[in-house]
Amino acid sequence: MQEDTGIPPGWNYNPASWGQRMPIIILAIVGFLIAAYLALFQFKVISDVWEPFFGNDSRKILTSKTSQILPIPDAALGALGYIADAATGAIGGTKRWRTMPWIVIAFGLAVGPLGFISVLLVILQPVLYDAWCTLCLATAAISVVMIGPAMDEMLASLQYMKRVKDAGESKWKAFWGYKSIQGKVM
Amino acid sequence: MRAQVINMFLGIWLMSSPAILGLEGTPASNAHIVGPVVASFALISWWEATRVVRLYNLPLGAWLVLAPWVLGYTASAAIANDMVIGILIMGLSLVKGKIDNTYGGGWRAVWHTNTPHANAARLQQDYTDKNREE
């Protein structure tokens, strides 16, 4: 028997290896740091925000009505989103696509909406406020970059869930990674 | 992947074109809305497992070709910009590029039966069972 490398059946690499996950985790942490900085400005902890290209635009965007639509400022929500991405990216070993599908699928679901909302906010900047915010664009780019590399792992988990279903095993137990089901389905 | 790199820059060009070409009003808003979406879809499809997302840019490219007439652009720079970029985006989003890795049958294998991942798992299982017997 070949060594159990954690490569999913029918694949030629393991999408849950650290080499695959580490870049996403680092991106999420960078995204968190930028979003946290912007949130500090929105909470008025710092009085100025760095804007190299667009003059007063960042201030305009970060104090706009859209940014205050929810009880907490949007950059603070973004910061929470990046933390969720980093945490769900980091939790679990290199076989987590089958030992804990719930975290892989949570990871995929955390990355998706964060990217979607970021792109939406990028659209609203020029359309509603005729302004651009450099650091907001940077965080949006980071959130979109994370989507592609996160999805292969989710694909491996979904294929595993399909094999569990076809084998007639409990999908519930497989999803939450019960010990009793480990090793029953490849 | 190269085609999707170009498409991402076409999306970024759309975002910045109102400022560079001096477009205003509806054509500017259209470019500001479609640009980031095109750039995002193109960027997501850089990765092999999500290469299929490139096809989401087909309708967006088609919309850019139609938009000058549907929305009634008057500035010729705006008409030319949207139509040329739209055609380029459509053409490039059809380019799949090389896929080096295998993905157990990809996304459709999540719903279908008799897929590469299911067959590979069966072979692995048989192999393990046989070893156990011996």
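**Entry 1: a pair across two chains**

At roughly what angle do the axes of α5(A) and helix α2 of chain B cross? I began here, keeping in mind that this is a predicted model. I found a crossing at roughly 160 degrees, with the two axes coming within 9 Å. Angles over 145 degrees count as roughly antiparallel, so α5(A) is roughly antiparallel to α2(B). I also looked up the handedness, and the crossing of α5(A) and α2(B) is right-handed.

Next I wanted to know who touches whom. On the α5(A) side I listed A:Val119, A:Val122, A:Ile123, A:Pro126 and A:Val127. On the α2(B) side I listed B:Ser29, B:His32, B:Ile33, B:Pro36, B:Val37 and B:Ser40. Sorting the residues of this contact gave me eight nonpolar, three polar and no charged.

**Entry 2: a pair inside chain A**

I then turned to helix α1 of chain A, residues 18-42, and helix α6 of chain A, residues 134-145. Their axes come within 10 Å and cross at roughly 155 degrees. With the cut-off for roughly antiparallel at over 145 degrees, α1(A) and α6(A) are therefore roughly antiparallel to each other. Here I noted a left-handed crossing as α1(A) passes α6(A).

Which residues of α1(A) meet α6(A)? I wrote down A:Leu27, A:Val30, A:Gly31, A:Ile34, A:Ala35, A:Tyr37 and A:Leu38. Their partners in α6(A) are A:Leu135, A:Cys136, A:Ala138, A:Thr139, A:Ile142 and A:Val145. In the contact of α1(A) with α6(A) I counted 11 nonpolar residues, two polar and no charged.

A reminder to myself: most residues other than glycine have a negative phi.

In chain A I stopped at A:Asp130, which is not a glycine and yet has a positive phi of about 50 degrees. I traced A:Asp130 to the loop between α5 (101-129) and α6 of chain A. Is A:Asp130 buried or exposed? Its relative accessibility is 62%, so A:Asp130 counts as exposed.

In chain B I found B:Asn114, again not a glycine, with a positive phi of about 55 degrees. Where is B:Asn114 found? I located B:Asn114 in the loop between α4 (76-93) and α5 (116-133) of chain B. The relative accessible area of B:Asn114 is 63%, so I marked this residue as exposed.

Technical notes: Residues are numbered from 1 along each chain as its sequence is written. Chains are lettered from A and ligands numbered from 1 in the order in which they are written. This is a predicted model: local features need pLDDT of at least 70, side-chain atom pairs count only at pLDDT 80 or more; totals for chains, interfaces and linings use all residues. Side-chain values use heavy atoms; hydrogens and water are left out. Axes are lines fitted to C-alpha atoms, for helices over the stretch in contact, and angles run from 0 to 180 degrees between N-to-C directions. Helices (H or I, at least four residues) and strands (E, at least two) are DSSP runs, numbered from the N terminus. Angles under 35 degrees count as roughly parallel, over 145 as roughly antiparallel, 65 to 115 as roughly perpendicular and the rest as oblique. A crossing is left-handed if the near helix is turned anticlockwise from the far one by less than a right angle, and right-handed if clockwise. Contact means heavy atoms within 4.5 Å. Ala, Val, Leu, Ile, Met, Phe, Trp, Tyr, Cys and Pro count as nonpolar, Asp, Glu, Lys and Arg as charged, and the others, Gly among them, as polar. Buried means under 20% relative accessible area, exposed over 50%, partly exposed in between (1.4 Å probe, protein chains only).
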